[in-house]
Amino acid sequence: MAEPLLALSDVRAGYGESIVLDGVSFEVPETGSLAVLGRNGVGKSTLLLTIMGYTTVERGAIRWRGLDVTRRAPFRRARAGIGWVPQERDIFATLSVEENLTVAARPGHWDLAAVYGLFPRLAERRQNMGNQLSGGEQQMLTIARTLMTNPAILLLDEPLEGLAPVVVEELSSAIERMSAAQKTALILVEQHAEIALSLTEQALVIERGAIAHRGPSRALLDDSAVLDRYIGLKLAEA
Ligand SMILES: Nc1ncnc2c1ncn2[C@@H]1O[C@H](COP(=O)(O)OP(=O)(O)OP(=O)(O)O)[C@@H](O)[C@H]1O
C-alpha cells in the first residue's frame, strides 16, 4: 500500500506542561482532504500547530511521506511541503498583491496564472497594495500566497471566519476547485461545518483534545445526531 502523505499516531501534545491533544491518530493520503470540526477551544488550531511543529509533542509520532518529522523544525516542515495558513491574515501590507504572491513562490503547478484562475478577484487587484484589500481579499491572498509555495498539503485554519456570505461562497468555490485540481492535499479546520463537509472527503470531530468521531464527510453531513452532539449544529429538515 502507498505510504500516506501525512500520518499522526497516538499524538499527545500541547504547550509545555499543558496537554491539549491526546491519543490523536489519523492519516491523509496524497491529494486527500480532511475536515477538522469541533466546538471552540477543543484543540483544532493546536492540531495544525502540532503538524507544523510549534507545540510540545509528549508522545506519539508525526510522519511525513513515511519519515518521522516529530522533532523537525517548523521551517523544515514547510520546506518539505506542508503549507500552513494560520487564522491571522498575515500579508505584506506594503507590497502589491502580485509581489505578495511571487515573494515566496516555488516552482510547481500553482503559478500566478493558476492562482489567478482560482481567485479572479486577486487578478483584478494585482497592482493593489496589501493594505488596500478587504478582509475577504486578504484571506484569498494568504491562501494564494501559500499555494504559490506549491505545498503537498495545505492546512487552513478557519479561512471563512468573519467573512460576508458572498465572500464565503467565493472562497469555498476556490477551495473546491483547488482540491479538484488534485495537486494538493487539504486539512480544513472550520466552524462552518456544513461547508467544510461539502468541500472534503473525510472528516474528524474533535472533543476535548481527542477524536470523538471520524468518517466520510458525506456520511457526517447526514448524521444530524453527531453534528448536534459535538458541534451544536442543528441541520435544517430536508
Ligand atoms: N499558546 C498557548 N499556550 C497555552 N495554551 C494554549 C495556547 N494556545 C491555545 N491554548 C489552549 O489550548 C486549547 C485549545 O485551543 P485551540 O486554539 O487549539 O482550540 P480550537 O479548537 O482551535 O478553538 P477555536 O475554534 O476557538 O480556535 C485551549 O484551551 C486554549 O486555551
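This is a predicted model: local features need pLDDT of at least 70, side-chain atom pairs count only at pLDDT 80 or more; totals for chains, interfaces and linings use all residues.
Ala, Val, Leu, Ile, Met, Phe, Trp, Tyr, Cys and Pro count here as nonpolar, Asp, Glu, Lys and Arg as charged, and the others, Gly among them, as polar.

Residues are numbered from 1 along each chain as its sequence is written.

**View 1. The shell around the ligand.** Surrounding the ligand are Y15, S18, V20, G38, N40, G41, V42, G43, K44, S45 and T46, where a residue belongs if its C-beta atom, placed from the backbone, lies within 6 Å. By class, this shell has 3 nonpolar, 7 polar and 1 charged residues. Helix α1 gives the largest share, 3 residues; β2 (18–28) and α1 (44–52) each bring at least two. Helices (H or I, at least four residues) and strands (E, at least two) are DSSP runs, numbered from the N terminus.

**View 2. The two sides of helix α7.** Look for L171, A174, I175, M178 and S179, which are buried (20 or more other C-beta atoms within 10 Å of their own, C-beta atoms being placed from the backbone). They cover an arc of only 135° around the axis, so they sit on the same side of α7; the arc is that of the directions from the helix axis to the C-beta atoms. The face turned away from the buried side carries P165, V166, R177 and A180, which are exposed (12 or fewer).

**View 3. After the helix.** Q182 follows α7 and has a positive phi, near 60°.
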